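Have a look at the structure first, then we'll start.

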Amino acid sequence: MQAGEGTRIEVHESTRLLREFTQLSDDFQAHLGRELTVNSTDLQAMQYLIQRGPMSPTALARALDISTAATTVVVDRLVKVGHVTREAHPTDRRAVVVVPAPQSIASAMAALTPMVRSIDRVIQSFSEEERDTITEYLRRVVDVYRESIPEDVRVARGTR
């Protein structure tokens, strides 16, 4: 028996398309990482910093679900290529925060914005009733994903 043989599950086309979307999303992430000259972990760190703003190395380690030592290596690499800086914490002089560089935010947004706008144009091409149905479907799919991930993982990554 070959890998995948007998393990195929018949699903609705929309479910198959969601799987394809997930794969294409992963492929786009890899492309974006190459454009920004970072590996997948570094890109994920940048995404957290861009979305949430400056973070302590400990908070970033929790979000990435890696050790603080590994996070230090990630931050060192990002500092070296100019994507982030370490700055003094605004209220705790003993601590530092990792801050995304404005140029890196702009580069990431330049790569993402055209795709996001194109996706938004797709949903806008449907009637309001169709958009409501599509949105409800996606909301329920997101709920299934959330319910399939242990809460401690969702909390650590901020995806409650």
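Q: How do α2 and α3 pack, and what is meant by the angle and the axes here?
A: Helix α2 (residues 40-52) and helix α3 (residues 57-64) pack at an angle of about 115°, and their axes are 10 Å apart. The axes are lines fitted to C-alpha atoms, for helices over the stretch in contact, and the angles run from 0 to 180 degrees between N-to-C directions. Helices themselves are DSSP runs of H or I with at least four residues, strands are runs of E with at least two, and both are numbered from the N terminus. Before we go on: this is a predicted model, where local features need pLDDT of at least 70, side-chain atom pairs count only at pLDDT 80 or more, and totals for chains, interfaces and linings use all residues. Residues are numbered from 1 along each chain as its sequence is written, and side-chain values use heavy atoms, with hydrogens and water left out.

Q: Which hand does the crossing of α2 and α3 have?
A: The α2 and α3 crossing is right-handed. A crossing gets that name if the near helix is turned clockwise from the far one by less than a right angle, and left-handed if anticlockwise.

Q: Which residues of α2 and α3 meet?
A: On the α2 side they are Thr41, Gln44, Ala45, Tyr48, Leu49 and Arg52, and on the α3 side Leu60, Ala63 and Leu64. Contact means heavy atoms within 4.5 Å.

Q: Why is threonine 41 called partly exposed?
A: Threonine 41, which lies in helix α2, has a relative accessible area of 30%. Buried means under 20%, exposed means over 50%, and partly exposed is in between (1.4 Å probe, protein chains only). So with 30%, threonine 41 counts as partly exposed.

Q: What does threonine 41 touch beyond its sequence neighbours?
A: Not counting residues up to four places away in sequence, threonine 41 touches Leu64, Ile66 and Val74. The C-alpha atoms of threonine 41 and valine 74 are separated by 7.5 Å, although the two are 33 residues apart along the chain.

Q: What makes α3 roughly perpendicular to α4?
A: α3 and α4 pack at an angle of about 105°, with axes 9 Å apart. Roughly perpendicular covers 65 to 115 degrees, while under 35 is roughly parallel, over 145 is roughly antiparallel and the rest is oblique. So α3 is roughly perpendicular to α4. Pro57, Thr58, Leu60 and Ala61 of α3 make the contact with Thr68, Thr71 and Val75 of α4.

Q: How do you know that threonine 71 is buried?
A: Threonine 71 sits in helix α4 (residues 68-80). Its relative accessible area is 1%, so threonine 71 falls under the 20% cut-off and is buried. Leaving out residues up to four places away in sequence, threonine 71 touches Pro57, Leu60, Ala61 and Ile66.

Q: Why is valine 98 called buried?
A: Its relative accessible area is 0%, so valine 98 is buried. Valine 98 is in strand β2 (residues 96-100). Setting aside neighbours within four places in sequence, the contacts of valine 98 are Leu49, Pro54, Met55, Pro57, Val75, Val84 and Thr85.

Q: Why are threonine 37 and aspartate 65 called exposed?
A: Threonine 37 has a relative accessible area of 58%, so it is exposed. Aspartate 65 has 54%, so it is exposed too. Threonine 37 lies in the loop between α1 and α2, and aspartate 65 in the loop between α3 and α4.

Q: What is the phi of threonine 37, and what is that of aspartate 65?
A: Threonine 37 has a positive phi of about 55° although it is not a glycine. For aspartate 65, also not a glycine, phi is positive and near 60°.

Q: What makes α1 roughly perpendicular to α6?
A: Helix α1 (residues 13-35) and helix α6 (residues 128-148) pack at an angle of about 65°, with their axes 13 Å apart. So α1 counts as roughly perpendicular to α6. α1 passes α6 in a right-handed crossing.
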